[in-house]
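This report covers selected local features of chain B. Please read it alongside the sequence and the 3D view.

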Amino acid sequence: MSNYRCNGCGYVFNEAVGDKHEGYPPMPFMDLPDDFTCPGCGVRYKEDFNLMPPPGR
Amino acid sequence: MNVTYRLDHPEKGLIQYTDKKRHLWIASLFLPLLALTGIAGYFGMGENPYMLLAPLIFIYALVPLLDHVFGSDENNPPEELVPQLEEANYYRILTWLTVPLHVMVLLITAWFVGTQELSAWSVLAVTLTAGIYSGLGINTAHELGHKRGRFERALARIALSVSTYGHFCVEHNRGHHRDVATPEDPASSRMGESIYKFMLREIPGAFARGWHEEKQRLERLNKSAWSLHNEVLQSYALSILLQGSLIVLFGWIMVPFLLIHNFWAWFQLTSANYIEHYGLLRQRKENGRYEHCQPHHSWNANYIFSNILLFHLERHSDHHANPTRRYQSLRNFDDIPELPNGYFGMFLVAYIPWLWYRIMDKRLLALPHIQGDLSKVNIDPDKRDSIVARYGNLEENHV
């Protein structure tokens, strides 16, 4: 399960957790709707998110 | 007490910043109370109704003058120190403290109108004063509502309930910030559009957009839009409670008082929205989406006096670049669209459309990224022909 980070405001979408307030269950980031905008800033779309590297050992 | 923030940057060396405005932000706690100086003066001067004009004169005459006199704000935190500034709790606590003050001002002005023998003009003066300060409450809600924490967002809904504007944070965060500076945004004004025409689009458009966004969120949660899970309705419910109680307590006079108060509070936001993106237009990319909001897609004002009253709202470009950034950290830039006076002065200009167009249209077309190119301008469709006829050949004329 991966984390995706908004390149505008730093909000992180955690695929294992989803976003309860916004109504997104745990789900693959890519399955979010195309008109999904960042719940943090409202500005960035899916293509503006960056896959975060997995935590280092 | 001055606090200096420091950072040892690997390339730039030691970066320091002292926020010289730190103590000035306390003014925000006194500003809602300024609404009450009219009432205090009324009683202090033996029930002199002219004293009720004092807050209005402050906002409409004194503030624009003081903006002109005090001029630009030279304080500008370095980007590298913004994270430290963000963490300082002092600033956010000030915003929290203003929320009960806004409720208090509504209660006291309602009490005054509901219990004193007043002429219609006196009632109007107090009502407009109350509306302006509740409008400042919407501005505080704007600051609070942009934050991620549940506490601050709940406080925002309380601040909005004072003026029955509960949809604002939802429609602003998820709607305006997404659609800003495009023809699709009811909260972005178009060249040639008067504030009155804009208002007829903005107020209902904002209500509709806020409701729609919240309804979508609730659908994802399998909840009804007509439930108290609806954050818009939570705020409206509080409004009904608050304003309904005032009608019960003080009688029928509360109905016109509250209607005018609510409308005038909303109109402060309409005024701010009108001047913030007038005529500015984001370009469409090849994939059909609009480009990201750039610094040149907002009008800014860096006047220190009004910025203190508005929690830096006038540093609008940075706000759109960093919507969740706290007010104390908002930065000013060179080479961004700039208004010739602070917000309160510009509101007055906006209320006189021919004066607004006279001052702003040339300023808009002269912006470096536009330079007369009307394809870069968000134009009111009804005025397109006359604007093209008037300005269409600017490029060739080397204006």
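## Loop residues with positive phi

B:Ala181 sits in the loop that links helix H8 (168-179) and helix H9 (195-220) of chain B. Helices are DSSP runs of H or I with at least four residues, strands are E runs of at least two, and both are numbered from the N terminus. Phi of B:Ala181 is near 55°, a positive value in a residue other than glycine. B:Ala181 has a relative accessible area of 0%, so it is buried (buried means under 20%, exposed over 50%, partly exposed in between, with a 1.4 Å probe and protein chains only).

B:Asp335 also has positive phi, near 60°, and is not a glycine. B:Asp335 belongs to the loop between helix H13 (316-321) and helix H14 (343-350) of chain B. Its relative accessible area is 76%, so B:Asp335 is exposed.

## Basis of the model

The model is predicted: local features need pLDDT of at least 70, side-chain atom pairs count only at pLDDT 80 or more, and totals for chains, interfaces and linings use all residues. Residues are numbered from 1 along each chain as its sequence is written, chains are lettered from A and ligands numbered from 1 in the order in which they are written, and side-chain values use heavy atoms, leaving out hydrogens and water.

## A glycine in helix H2

B:Gly38 lies in helix H2 (residues 37-44) of chain B. With a relative accessible area of 2%, B:Gly38 is buried. The C-alpha atoms of B:Gly38 and B:Ala125 are separated by 9.2 Å, and the two residues are 87 residues apart along the chain.

## Nonpolar surface patch

Which residues make the nonpolar surface patch of about 580 Å²? They are B:Trp121, B:Leu124, B:Ile247, B:Val255, B:Leu259 and B:Ile260. Helix H6 (120-145) and helix H11 (254-276) of chain B each give two or more residues to the patch. The largest share, 3 residues, comes from H11(B).

B:Val255 lies in helix H11 of chain B. Its relative accessibility is 37%, so B:Val255 counts as partly exposed.

## Packing of H5 and H11

The axes of helix H5 (residues 89-115) of chain B and H11(B) come within 10 Å and cross at roughly 140°. That angle makes H5(B) oblique to H11(B) (under 35 degrees counts as roughly parallel, over 145 as roughly antiparallel, 65 to 115 as roughly perpendicular, and the rest as oblique).

Terms used:
Patch = residues over 30% accessible without salt bridge, like charges linked within 9 Å, V, L, I, M, F, W, Y side chains within 5 Å. Areas by Shrake-Rupley, 256 points an atom, 1.4 Å probe, with all protein chains shown as cover. Salt bridge = Lys/Arg side-chain N within 4 Å of Asp/Glu carboxyl O. Axes fitted to C-alpha atoms, helices over the stretch in contact; angles between N-to-C directions.
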